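Reader: I'm new to this protein, and I'd like to learn how to read its features. Could you take me through them one at a time?

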Amino acid sequence: MIQQQYDTYTPEHFEVWKILFERQMKNLETTVTIKYIDGLQKINFHADRIPDFKETNALLEKLTGWHIQAVPGIIPDKDFFVLLSQKKFPATCWLRQMSQLNYIEEPDMFHDVFGHIPLLTDLHYCEFLSGLSKIALAHIDNAQIIELMSRIYWFTIEFGLKFENNQRKIYGAGIISSSGETEYSMSHAPVFLPYDVAEIFASHFFKDRIQNKYFVIESFEQLYNSLPAIEEYIERAAENLLNISAN
Ligand SMILES: [Fe+2]
């Protein structure tokens with residue numbers, strides 16, 4: 001694991017953060033869940049300041065006991081779920097360049113931090129993450145089970161939508177950090193389905209293109225309450241896989 005080196009950020013980094021932050025806040029004004037805006041304020045994120053993980057962690061600690069853990073980039077599944085089980089959210093601390101404002105191949109801190117961290121102020125959201133990590137860790141050496149768990153993670157934490165006053169709002173970090181996907185997810189083009197664990201387990205996802213469907217939750221409590229159904233499905237899938245390999 002690494003530490004954020006705050007004094008290595010250059011004026012260009014601050015400018016990139018400011019441009020991305022201001023542009024996305026405009027896009028999110030009427031489209032993101034109120035919990036995200038609340039969270040953003042509670043952890044003091046601003047356009048003119050790249051978040052300092054030490055300060056953010058002190059605030060998060062008091063709210064939900066979660067922390068940001070700086071990582072160099074995408075980490076192995078096991079490390080990822082172990083960190084989540086310790087209430088640590090892995091996040092990169094490098095930022096894209098001015099020439100990459102609209103697209104980068106790997107998640108940078110605008111995705112990891114701006115996209116994910118504000119919702120770590122919500123207890124049900126945090127407990128859902130903890131629950132997912134425990135289920136995944138029980139089957140960490142089973143690639144097929146981890147693939148199923150990544151579908152749940154993908155269609156909720158990364159690309160989830162949520163009803164608020166009968167309107168669909170964004171809570172998935174993959175949408176929050178992308179102006180193109182913010183616009184698309186609010187259009188009439190994709191399919192919107194009610195949150196359904198079995199349906200998600202049966203849904204493939206593609207990392208290299210925009211989503212064609214989104215699952216819409218009623219509340220973060222609903223996510224948390226779906227953990228037993230997720231666990232039951234996973235236990236059954238693991239048993240079936242065992243039976244298949246024994247035959
Ligand atoms: Fe992410």
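Reader: Let's begin with the second largest pocket: which residues line it?

Author: The general idea comes before the case. Rolling a probe the size of a water molecule over the atoms shows where empty space is left. In this predicted model, the lining of the second largest pocket is made up of Ile2, Gln3, Gln4, Tyr6, Asp52, Phe53, Lys54, Asn57, Ile68, Gln69 and Ala70. Two elements, α3 (53–63) and β1 (67–70), each give two or more residues to this lining. Sorted by class, the lining has five nonpolar, four polar and two charged residues, and the volume of this pocket is about 200 Å³.

Reader: What volume does the largest pocket have, and how many residues line it?

Author: Its volume is about 1400 Å³, and 44 residues line it. To find the middle of the largest pocket on your screen, look for Pro107, His111, Trp154, Glu158 and Lys207, the lining residues that lie nearest its centre.

Reader: Which element gives the most to that lining?

Author: That is α7, with five residues. Elements that supply at least two residues each include α1 (11–28), α4 (77–85), β2 (88–91), α5 (109–116) and α9 (179–185). By class, the lining of the largest pocket has 20 nonpolar, 13 polar and 11 charged residues.

Reader: Now a helix, please. What should I look at in α12?

Author: Helix α12 runs over residues 227–246, and its 20 residues reach 28 Å from the first C-alpha to the last, close to the 28 Å expected at 1.5 Å a residue. Its buried residues are Leu227, Ile230, Ile234, Ala237 and Ala238. These cover an arc of only 100 degrees around the axis, so they sit on the same side of α12.

Reader: Which residues are exposed on the other side of α12, and what covers the buried ones?

Author: Pro228, Glu232, Glu239 and Ala246 are exposed on the other side. The cover over the buried residues includes α6 (123–137), α7, α10 (197–201) and α11 (220–225).

Reader: How do I read backbone angles?

Author: Most residues other than glycine have a negative phi, and most peptide bonds are trans. Here Asn44, in the loop between α2 (34–42) and α3, has a positive phi near 65 degrees, though this residue is not a glycine. Lys87 is another non-glycine residue with a positive phi, about 60 degrees, and its place is the loop between α4 and β2.

Reader: Is Thr31 buried or exposed?

Author: Thr31 lies in the loop between α1 and α2. Its relative accessibility is 10%, so it counts as buried. Beyond residues up to four places away in sequence, Thr31 touches Arg168, Lys169, Ile170, Thr182 and Met186.

Reader: And what is Val16 in contact with?

Author: Val16 belongs to helix α1 and, at 1% relative accessibility, is buried. Setting aside neighbours within four places in sequence, Val16 is in contact with Leu95, Arg96, Gln97, Met98 and Leu101. For a sense of distance, Val16 and Gln69 are 53 residues apart in sequence and 22 Å apart in space, C-alpha to C-alpha.

Conventions: Residues are numbered from 1 along each chain as its sequence is written. This is a predicted model: local features need pLDDT of at least 70, side-chain atom pairs count only at pLDDT 80 or more; totals for chains, interfaces and linings use all residues. Side-chain values use heavy atoms; hydrogens and water are left out. On a 1 Å grid over the protein atoms alone, a cavity is a set of points where a 1.4 Å probe fits but cannot get out, and a pocket is an open set with protein on both sides within 12 Å along at least five of seven lines; lining residues have an atom within 4 Å of a point. Grid points are joined across faces, edges and corners, and a volume is the space filled by probe spheres set on the points. Helices (H or I, at least four residues) and strands (E, at least two) are DSSP runs, numbered from the N terminus. Ala, Val, Leu, Ile, Met, Phe, Trp, Tyr, Cys and Pro count as nonpolar, Asp, Glu, Lys and Arg as charged, and the others, Gly among them, as polar. The expected span of a helix is 1.5 Å times one less than its number of residues. Buried means under 20% relative accessible area, exposed over 50%, partly exposed in between (1.4 Å probe, protein chains only). The arc is that of the directions from the helix axis to the C-beta atoms. Contact means heavy atoms within 4.5 Å.
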